[in-house]
Amino acid sequence: MKKLTEGEIQAALAGLHGWKFQDGKLHREYVFPSFTFAFGFMATAATAIEKMDHHPEWSNVYNRVTVDLVTHSADGVTQRDVLLATLLEGIAAKLQ
């Protein structure tokens, strides 16, 4: 996978509500109505993430899930990160 340029990243972010480019990664914090919804988001996403074989750096505290996406083998953000962010947006939209 080819590392995206900053211009390509900014163009991708235009279509990803709430995401930003921070510390060399795509970054987003989701806020859900409760812990159950936050955990449900992670559990639902896990199956799709495993199929993609592209795993996020993420954490959960109560009703919040913080996600950072980067392709370590490319030493930066790639199209795989953009695709995963898009997938996560679709799942989150059903739970928020």
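The buried residues of α2 are Ala38, Phe41, Met42, Ala45 and Ile49, where buried means under 20% relative accessible area, exposed over 50%, and partly exposed in between, with a 1.4 Å probe and protein chains only. Helices (H or I, at least four residues) and strands (E, at least two) are DSSP runs, numbered from the N terminus. The model is a predicted one, in which local features need pLDDT of at least 70 and side-chain atom pairs count only at pLDDT 80 or more, while totals for chains, interfaces and linings use all residues. Residues are numbered from 1 along each chain as its sequence is written, and side-chain values use heavy atoms, with hydrogens and water left out.

The buried residues of α2 pack against β2, β3, β4 and α3; contact here means heavy atoms within 4.5 Å. An α-helix has 3.6 residues a turn, so residues three or four places apart point the same way. The 18 residues of α2 should span 26 Å at 1.5 Å a residue, and the end C-alpha atoms of α2 are 25 Å apart, which agrees. The expected span of a helix is 1.5 Å times one less than its number of residues. α2 also has a kink of about 30°, centred on Ala46; the bend at a residue is the angle between axes fitted to the seven residues ending there and the seven starting there.

The strands come next. Four of them form an open sheet in the order β1-β2-β4-β3, with antiparallel pairing. Two strands pair if DSSP finds at least two bridges between them. Strands of a sheet pair through backbone hydrogen bonds, either parallel or antiparallel. At the edges of this sheet are β1 (20-22) and β3 (57-61), each of which pairs on one side only. On average, neighbouring strands are turned by 25° against each other, direction ignored. Axes are lines fitted to C-alpha atoms, for helices over the stretch in contact, and angles run from 0 to 180 degrees between N-to-C directions.

β2 and β4 run antiparallel and are joined by six bridges; Glu29 has Thr66 in β4 as its bridge partner. β3 and β4 pair in the antiparallel sense over five bridges. Opposite residues in β4 stand Ser59, facing Thr66, Asn60, facing Val65, and Val61, facing Arg64. The hairpin of β3 and β4 has two residues between the strands, and Tyr62 takes a positive phi near 50° there.

α3 has 17 residues and reaches 25 Å from its first C-alpha to its last, close to the 24 Å expected at 1.5 Å a residue. Buried residues in α3 are Asp81, Val82, Leu84, Ala85, Leu88, Glu89, Ile91 and Ala92. Their cover includes α1, β2, α2 and β4.

Leu88 touches Trp19, Tyr30, Phe41, Ala45, Ile49 and Val67, not counting residues up to four places away in sequence.

Pro33 touches Asn63, Leu95 and Gln96, leaving out residues up to four places away in sequence. Pro33 and Tyr62 are 29 residues apart in sequence, and their C-alpha atoms are 9.7 Å apart in space.

With a relative accessible area of 52%, Asp53 is exposed. Asp53 and Arg80 are 27 residues apart along the chain, and 9.8 Å separates their C-alpha atoms.
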